[in-house]
Amino acid sequence: MPYLDVRAVEKSFVTPRGATRVLGGASLTLDDGEFVAIVGYSGSGKTTLISLIAGLLAPDAGEIVLDGARVTAPGPERGIVFQQYSLLPWMTVRDNVALAVDVVDAALPAAERRRRTDEFVALVGLTAAADKRPRELSGGMRQRVAVARGLAMRPKVLLMDEPFSALDALTRARLQDELLAIWTARRTTVVLVTNDVDEAILLADRIYPMTPGPGAVLGPPIEVGLPRPRARRHMSLAPPYQKVRQAIVEFLRACRRVS
Amino acid sequence: MTRPGPSRLVLPLLGLILVLGVWTALSQTVATDLPSPAKTWAESRRYVLEPFFKDGEMNQGIGRLAFYSLLRVGKGYLLALLIGTPIGFMLGLSRKFYETFDPIIQFLRPISPLAWLPLGLVIFRQSEPAAVFTIALCAMWPTVINTAVGVRSISQDYLNVGRVLRLSRFRMLTKIIVPASLPYVFTGYRLSLGLAWLVIVASEMLTGTPGIGGFLWQEYNSLVYSHIILSVITIGAIGFLLDRLMGLLETRLKAV
């Protein structure tokens, strides 16, 4: 039985102009410690799918099971890194991370929680900025805080919703490398949603292409098969890289032609 | 908007001179009972230059009178915030609470202080608590409504963070809902203070309690019209200062 099992979830939204069927039976499976990416065009329903896994939305049909338990509500075991960071602007970097630590490690004494908080802040390289507020940080630094907060939830699966899409290309590359290093060290189970094929190949073990909506579904997963630890340099020249990239791009292109 | 220093001072000064000119002209032509600026100053200077003298209950320096009024406003305002803030949060948080009480609030909101005051006198049988009651009742609405709007306009993103972390109701309130709505709440506080200051004059005029409004009414009855103008100017100046003060607090708060 897979660790995370998303079974044929459907979701429609009712708008004044009628109902829109966003997801039309999307399925995916994930093993413990695996890094899976979902790649698709903007607006195809990726965020809806991640919100369903997070429990922030309820599916109209189908179900989601994590580690044997059905998902019915949001919870820290499905930590999420939002696209727009969603840091609380009235709190410092440390307090934003502490919010998660204080909930997940509520049983620990305050000094120990503080130590753990600082550990997560250090993990994303923000110790020097720990007392700053989000508005004083660059986009890249803000997203680092969001990643630290997500990891601080000690989630069974970390959900990342286009975490780097709002960043400039150079910062995005740097954060991808950092995420790769953190994941290699911690092996957290991750579902990453992205519209960047190269980002997906660099980071993921398996990639699910998503058909463009309405009624989006996930295509058959594509194994990346590149050896770890990975490094950005030279990787794009490796034959498996080219093969995976071509498979995804062709799948997405074919879907678009049909729809 | 920022222009060189001199013109920013010159134009308001010009406006002031213009108004004083019209005032003088009016007092000499159409409204001969209206004291001219010069006469107003001559008859009021003691009240301004010795703001804290006290000759009798109703004959006191302008500083003393203003102090009484501010004290009364302070009490009523504080009461307004203490009642209005929780009601505002309830309205913003609970759909049911909103549907139950919003019609009543919309109904009570436009009632003038002049209408509440007699009721206050009936209930409390004393002018002081009646005045405080009236101020509180009239001043609390902007706090109620702004707080409710503030709570309802909290970004779903912040609420989602709380939901994912499964924050307790208490933590959700203290960590997310209160800080997120604070700028709105404070705008409500600022508007409420303005209203409280508006109400003070009416309530003092009707109850005859010592204060700037009571003084105004007494001087009208004693036919000392220059002191009416003195009171009006004092009321305006204090209202302006209060608003500026709250504005300053507000910008500091929003800078956080």
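The model is predicted, so I kept local features to pLDDT of at least 70 and side-chain atom pairs to pLDDT 80 or more, while totals for chains, interfaces and linings use all residues. Residues are numbered from 1 along each chain as its sequence is written.

I noted that Arg166(B) also forms a salt bridge with Glu77(A), the closest N and O atoms lying 3.6 Å apart; the term requires a side-chain nitrogen of Lys or Arg within 4 Å of a carboxyl oxygen of Asp or Glu. The count between chain A and chain B is one salt bridge.

At the start of α7(B), I found a side-chain oxygen of Ser155(B) within 3.1 Å of the backbone nitrogen of Asp157(B).

For the interface, I recorded 24 residues of chain A in contact (heavy atoms within 4.5 Å) with 17 residues of chain B. The buried area, meaning accessible area (1.4 Å probe) lost by two parts on being put together and summed over both, is about 1,800 Å², with 67% from carbon and sulfur atoms. In chain A, Leu56(A), Trp90(A) and Leu99(A) lose the most area to chain B, together 30% of what that side buries.

Key. Chains are lettered from A and ligands numbered from 1 in the order in which they are written. Side-chain values use heavy atoms; hydrogens and water are left out. A polar contact is a pair of N or O atoms within 3.5 Å; within protein, one must be able to donate a hydrogen and the other to accept it, and residues adjacent in sequence count only if both atoms are side-chain atoms. Helices (H or I, at least four residues) and strands (E, at least two) are DSSP runs, numbered from the N terminus.
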